[in-house]
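This briefing is meant to be read alongside the sequence and the coordinates.

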Amino acid sequence: MMKKLFILITAMLFLPFANAAQFKEGVHYDVISEQATSKPQVAEYFSYFCPHCNKFEPIMTDVTKRLADSDIKVEKNHVAFIGREMGIEMQKAFATAELLNVEHQMSSAIFTAIHDQKRRFSSRDDIRTVFTDAGIDGKKFDAAVNSFAVNGKVARMDKNTANKNIRGVPALIVNGKYQINMGSIKARGEQFNIKLTALIKYLAAKTN
């Protein structure tokens, strides 16, 4: 019994080192900046128009829950370079949803409208309809989407996208320094989520 307990404790002690050994620079992640953020964070870059982002949304929702026991902050950035003029409007829609504290609800509704219902979006009114159909007061939407706060959020997302040279989505950057190569994670379903969470935690804890 004591021997088994010793083996178990030893395995637990060496588990962090085993996790660290399985992640390699240039394979699982790339260094894109010399300086890291002062606090641990993971930034997700996405677009409502991106089909891969639509599929990644439930994955990142699950990963975010798995990170709840850590001090790693999750930040979402909607890019504007997909969808031309409507890409900018969708970026504002995301910022508006965040401001109104309905981001999860509205992201799900917008992804569904675009990728499942195949609805066409040609103006802000089309986006407004998705909000009102989801129970969001139209006047609140109008006030928020034109607000200084939303414009500030949009400016910050554009700055982040440019500073990190984001050219494709979905993209994950940890501590502003490490970009994850998600294609390197050879797993599916829940195991993919578990390994992605482990990689994020590993990178968030790196000191160099």
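The points below are grouped by topic and describe a predicted model.

**Overall make-up**

- The protein contains eight helices and five strands, and their order along the sequence is α-β-β-α-β-α-α-α-α-α-β-β-α.
- Of the 208 residues in the protein, 40% are buried.
- The accessible surface amounts to about 12100 Å², and carbon and sulfur atoms contribute 55% of that surface.

**Geometry of the α5 and α6 pair**

- Two packed helices are described by the angle between their axes together with the distance between those axes.
- For helix α5, covering residues 124-133, and helix α6, covering residues 138-145, the angle is about 130° and the axes are 9 Å apart.
- Because of this angle, α5 is classed as oblique to α6, given that angles over 145 degrees would count as roughly antiparallel and those from 65 to 115 as roughly perpendicular.
- The crossing in which α5 passes α6 is right-handed.

**Residues at the α5 and α6 contact**

- On the α5 side, the contact is made by R124, I127, R128, F131 and T132, while α6 contributes G138, K139, F141, D142 and V145.
- Sorted by class, the contact of α5 with α6 comprises four nonpolar, four charged and two polar residues.

Conventions. Residues are numbered from 1 along each chain as its sequence is written. This is a predicted model: local features need pLDDT of at least 70, side-chain atom pairs count only at pLDDT 80 or more; totals for chains, interfaces and linings use all residues. Side-chain values use heavy atoms; hydrogens and water are left out. Axes are lines fitted to C-alpha atoms, for helices over the stretch in contact, and angles run from 0 to 180 degrees between N-to-C directions. Helices (H or I, at least four residues) and strands (E, at least two) are DSSP runs, numbered from the N terminus. Angles under 35 degrees count as roughly parallel, over 145 as roughly antiparallel, 65 to 115 as roughly perpendicular and the rest as oblique. A crossing is left-handed if the near helix is turned anticlockwise from the far one by less than a right angle, and right-handed if clockwise. Contact means heavy atoms within 4.5 Å. Ala, Val, Leu, Ile, Met, Phe, Trp, Tyr, Cys and Pro count as nonpolar, Asp, Glu, Lys and Arg as charged, and the others, Gly among them, as polar. Buried means under 20% relative accessible area, exposed over 50%, partly exposed in between (1.4 Å probe, protein chains only). Accessible areas come from the Shrake-Rupley method with a 1.4 Å probe; for residues, only the protein chains shown count as cover.
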